[in-house]
Amino acid sequence: VKKYVPISNIILTNPFDTDRLVIDTVQYLNRNRILLDAVAAHFELNVVHAATLASILGLPGVPPSVARKSSANKLLMRHACKQHGIPMPRFYVAQTAQELFEALKYVGRPAIVKPVMFGHSYGVFKVEKDDNEEIIIKKFARATQQLNPSAYPLMADYHTFNGYFLVEEYLEGRVISVDGLVQDQRVMPCGMAEFAYTEDNSFTQEAAYIPARVSADTHTQCFQTAIRVIRALGFDHCGFHCEMVLTPKGPMLLEVASRLPGGNMTVGYLKAYGIDMMDLYLDICLGNKVRYAFHRHKRYVYHRSIFTHYGGVVVSVAGLDMLKKKRYFRLFWHAPVGSTITPVAGIPESLAYYQLSASTQEKLSIYRKKVKETLQFTFSSR
């Protein structure tokens with residue numbers, strides 16, 4: 001941050017502690033005799049805290065009570081959506097192994113188990129149809145281990161894990177997201193993405209296609225469902241990231257966040273649709289009226305993260321110099337030579353994150369193959 005902001009303009013606080021965040025911010029404003037123009041949130045675990053701060057300062061933002069009815073608290077999200085008849089999987093809450101087995105009787109198998117409060121696929125696991133009791137208990141213990149601050153330090157800052165898991169019916173189908181903005185109760189879908197996940201059942205998002213590879217009818221259905229969800233939850237003055245699974249019965253809600261899509265997804269949307277969602281979101285936070293009309297995509301974009309379950313030190317990275325010369329390739333990040341890779345209890349760690357773009361899906365497929373053959377990492381085991 002010091003690269004872009006003078007130290008004197010940085011408020012030292014804990015952004016995961018609402019009381020401290022508010023007190024430290026107000027104290028800073030009083031001491032420096034200034035006012036803030038906007039409060040924005042892009043990281044899932046800061047959404048509720050940022051909403052509270054914006055509300056206290058009288059700035060535009062999603063209402064704090066509404067921010068809690070999102071993927072920041074998946075139980076409250078499910079409860080609110082159920083009251084409005086939103087199509088979604090059956091769900092149940094469990095804290096203990098005994099409650100987990102009771103939940104499985106209700107939702108059926110296969111099922112997905114995830115923490116009520118957290119993200120990044122930590123603590124998420126799948127119960128297969130034929131898993132016996134011993135296997136399920138081991139998966140449950142491993143998920144709890146992933147939420148231990150010793151495995152993931154951010155957990156100690158965000159909140160002490162309360163042990164609540166959401167047990168959901170597993171729905172087979174492609175996963176998509178409708179992403180966009182809301183201002184003055186006007187829901188503005190900006191586009192759609194389609195996700196691919198790692199094959200290790202950790203449910204780590206590995207790739208995204210922008211736009212999603214769906215028919216025009218499915219596209220319309222997903223947009224309509226997303227608008228219905230956003231209105232049911234009361235999202236306003238924020239971005240939204242609405243994930244759904246495509247089933248034979250139509251789109252079913254998986255999760256919805258009162259923020260823009262994470263990572264560099266907004267960069268992908270800018271390339272594919274020519275719409276700068278981040279710029280529009282900042283205008284909304286500033287209270288500026290945004291003018292937006294949806295238009296079709298201009299290009300096809302592919303985002304990919306390369307993950308590994310092996311721990312060690314990166315010894316070499318091959319192919320990057322060649323790929324950086326290609327107009328279709330954009331590197332967001334890669335593990336530098338000499339860095340240590342430390343996967344956490346079944347959660348893989350990223351080696352690289354990049355974007356490809358093309359004028360057609362066919363060209364995009366060719367580029368994907370070229371990058372897969374060219375970009376290579378080698379590392380030594382610990």
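Which residue stands opposite phenylalanine 195 in β7? The residue is alanine 208. This is a predicted model. The briefing covers a sheet, the helices on it and a pocket.

**The sheet**
- Eight strands form an open sheet with antiparallel pairing.
- Their order is β9-β8-β5-β6-β7-β10-β14-β12.
- β9 (250-257) and β12 (329-334) are the edge strands, and each has a single partner strand, so one side of each has no neighbour in the sheet.
- On average, neighbouring strands are turned by 25° against each other, direction ignored.

**Inside the sheet: β6 and β7**
- Strand β6 covers residues 186-197, and strand β7 covers residues 205-210.
- The two strands run antiparallel and are joined by four bridges.
- Phenylalanine 195 faces alanine 208 of β7 across this pairing.

**Helices on the sheet**
- Helix α9 (residues 265-273) lies across β5 (175-183), β6, β7, β10 (300-308), β12 and β14 (349-358).
- Helix α9 runs at about 105° to β6.
- Helix α12 (residues 361-374) also packs on the sheet, where it touches β7, β10, β12 and β14.
- The direction of α12 makes about 145° with that of β14.

**The second largest pocket**
- The volume of the second largest pocket is about 610 Å³.
- The pocket is lined by 22 residues, and those closest to its centre are Ile11, Leu21, Thr25, Ala40 and Leu53.
- Helices α1 (18-32) and α2 (47-56) each supply at least two lining residues.
- α1 gives the largest share of the lining, four residues.
- By class, the lining has 16 nonpolar and six polar residues, with no charged ones.

Methods: Residues numbered from 1 in each chain as written. Predicted model: local features only at pLDDT ≥ 70, side-chain atom pairs only at ≥ 80, totals over all residues. Heavy atoms only, no water. Pairing = 2+ DSSP bridges. Axes fitted to C-alpha atoms, helices over the stretch in contact; angles between N-to-C directions. Contact = heavy atoms within 4.5 Å. 1 Å grid on protein atoms, 1.4 Å probe; cavity = no way out; pocket = protein on both sides within 12 Å on 5 of 7 lines; lining within 4 Å. Points joined across faces, edges and corners; volume = space filled by probe spheres on them. Nonpolar A, V, L, I, M, F, W, Y, C, P; charged D, E, K, R; others polar.
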